[in-house]
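Colleague: I am new to this structure, and I would like to learn how to read a few of its features. Could you walk me through them?

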Amino acid sequence: MATSDESSLNHRKIALLIGNASYQRTDNELNESIETIQELNDLLIKIGFDVVIASDLEKYDMTTQIINFSKTIQHGDIVLFYYSGHGYQVNGTNYLIPINDTWIKTERDVEDFGINFDRMLKRILDKNSSYVNIFILDCCRPYRSNDLSTSNSSMKNKGLCTIHSIDGTFIQFACAQNEASSNNLFIRNLLKNITKENIGINDLFQQISNDVFEESNENQRPLSINGLKQNENVFLNYIFVPPPVSLWDIVKPEEKEIILKEQADLKACYDSLPDIDEITDPENENIRKAEEYTRSILSESPSGEVNQKDTVYHVINQLFENENHQCLFFDSTQDVNLYNTFGNFADIGFEHKPYVLKLDNINEFTGEEDEFNVIQTFDRTIKENRSHPVLDQIIERLAIAHNTEKKNIVITNVYLSSMNFVYLVTVPKDNTAEDLQELSKRIKNQFKQSVVNKIHPLLYRPTFDVACLDKLGDKDFTNETGTFLIGPLDRKKMYIQPTGWNRHGWKVLNRYGDKKWLEPFGDDENWHRAFHGTKNAKAEDFVDLNIEVNPDTLPFDAAISIYNKGFRSARTTAYGDGVYCSPRPTFVEKSYVGTATIDTKLGKKSYKIMLQVAVNPDGIYCANDDVWVVQLPENIRTYGLLIKDTDSN
């Protein structure tokens, strides 16, 4: 149940509007019902409602509309039903009158041919008993039928009767019980007030009732029946009020250069992730070409030699199949433009993979104009695992879009180039193209400034560009046993060659701007060298390390996209969150390498696979001689895939 006025952001808003005007009894025709529901429809759409609108309905059509609408209701929705037309009560029960009213000649006919409001109410409440339901009955005009017979003639023009309060429900009558009116004061004031910002439902309709009462010279008092209890302060139109400037850090001029460098690293890491709309487009010619290419290179058995590319392709395909992913191969040199997953190989087996929300701006959330102040504040808030009102609003809307709870959305980074929010959904799910297309629509509905929605490729379908393999980076380590000191002068660390392995190099030298992180080999600006496994670890694998582990969340093969310290832990409690790697290839090979078994021209063969990575000396925590932890994804870069024939051990 909602307990705060801001909670309405976390709930879908839907409405059914019915206007009956063209009654078959001409003396009961209503001139403005159709125009009324159209105006109300336009206003509700502006404040975020999904609206169904229908007019001049006979009983069957009216019943069908109500049933179909009720089927769309989900628990937790804000549901609004508005009816403009005639109503009538019989023996304490309210009925809504369809337009084919020539059948109605007696009060018994009202029961047979009218829509029982109590039953309609129950149908909707059965679908949404947990949150807010609003029923507005605009039925003030007297209903006339000379044939209606009763012992009390005063009942001929009687209005609707009151009903008891129902939990989770707000019922608004345009008039008081048994009251009739021929003016349009109620709807005029409803339209004037319905879009008011940040006003609770009870207060909103109290204002409408007071205005009607005053403008009618105290002759018409709309009746409200409030069963919302703690939900009465839910808003129909909640608008986030930007926090005061005091909530923002002030960045000093000398700090901006450092921030810009950090932002550039984040942009390089996340900006290349694929666009959801592009990768799910059924008309995407690039995907069609890639599917044809994939069939062509996987249709024949590979040679089985570890230094041959055909073996690499089949091994990569098997790696992804082990994770229930179908890899899509393509060649960017053949004019095929798709995202390349090779930079995300370290993510195989890791549970949490990011999405990126790219907004043109965040003006609707904040009045702060200095981007450096915003970024600095968000970065501090995330690192300290604190709350910030703007980030809270982003998270609430993302939770709605992903149809999950707010606690399952974790923002891990924010970076410029417009405004980008990197986030995790901690309850993973398999995504189809249709799922992602609907997600993209929901995100755009929540964020009017949404430019692009990006996704980690392993959350949908990994792609591999064969052109990313670089012969310049290939190396046969079968007989290599060298060791080298690599890194800055005062922080050099040992690089141990992976004896017995064969490396297939990635084309990475121009990917990150400056090349000195990798070459020339031995340069003082080189990053440290390490190795990363591609298989989930078990708790028993860590017995010799004498550390406390969580067996449920302990895949040793951490992701490039690991999140900052302070959020949900995905690693050993001794060493904290981050990408785990080791400077010792034998340590990784012992327990943490992935394996792939494929059919080759040499028969069925099995291969070990691990990644060769470079680690930023400024972003590494050396837990011990065997274990390094890299907390930020931009501080670790994959530059080669190492393959070893298990028969060569």
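Predicted model: local features only at pLDDT ≥ 70, side-chain atom pairs only at ≥ 80, totals over all residues.

**Reading salt bridges and a helix pair**

Colleague: Thanks. Which residue forms a salt bridge with Glu 396?

Modeller: The general idea is that side chains of opposite charge can pair when their charged atoms come close. Here the partner of Glu 396 is Lys 406, and their closest N and O atoms are 3.7 Å apart. Glu 396 belongs to helix α12, while Lys 406 sits in the loop between α12 (389–401) and β12 (409–416), so the pair ties together parts that are 10 residues apart in sequence. Lys 406 counts as partly exposed, at 31% relative accessibility.

Colleague: How many salt bridges does a search of the whole structure find?

Modeller: The search gives 27. One of them joins Arg 108 to Asp 112, with 3.7 Å from N to O. These two residues are four apart in helix α3 (residues 107–113), which means about one helical turn separates them. Arg 108 is exposed, with a relative accessible area of 55%, whereas Asp 112 is partly exposed at 38%.

Colleague: And Asp 271, is that residue buried or exposed?

Modeller: Asp 271 is buried, its relative accessible area being 18%. Its salt-bridge partner is Lys 267, and the closest N and O atoms of the two lie 3.2 Å apart. Lys 267 counts as partly exposed, at 35% relative accessibility.

Colleague: Which residues are linked in a network of salt bridges?

Modeller: Look for Asp 249, Arg 380, Glu 384 and Arg 386: salt bridges link these residues in a network.

Colleague: Now to helices. At roughly what angle do the axes of α1 and α5 cross?

Modeller: The axes of α1 (residues 33–46) and α5 (residues 185–193) cross at roughly 15 degrees and come within 10 Å. Angles under 35 degrees count as roughly parallel, and α1 and α5 are therefore roughly parallel to each other. Their crossing is left-handed.

Colleague: Which residues make the contact?

Modeller: From α1 come Thr 36, Glu 39, Leu 40 and Leu 43, and from α5 come Ile 187, Leu 190 and Leu 191.

Notes. Residues numbered from 1 in each chain as written. Heavy atoms only, no water. Axes fitted to C-alpha atoms, helices over the stretch in contact; angles between N-to-C directions. Parallel < 35°, antiparallel > 145°, perpendicular 65-115°, else oblique. Left-handed = near helix turned anticlockwise from the far one by under 90°. Contact = heavy atoms within 4.5 Å. Salt bridge = Lys/Arg side-chain N within 4 Å of Asp/Glu carboxyl O. Buried < 20%, exposed > 50% of the residue type's maximum accessible area, 1.4 Å probe, protein only.
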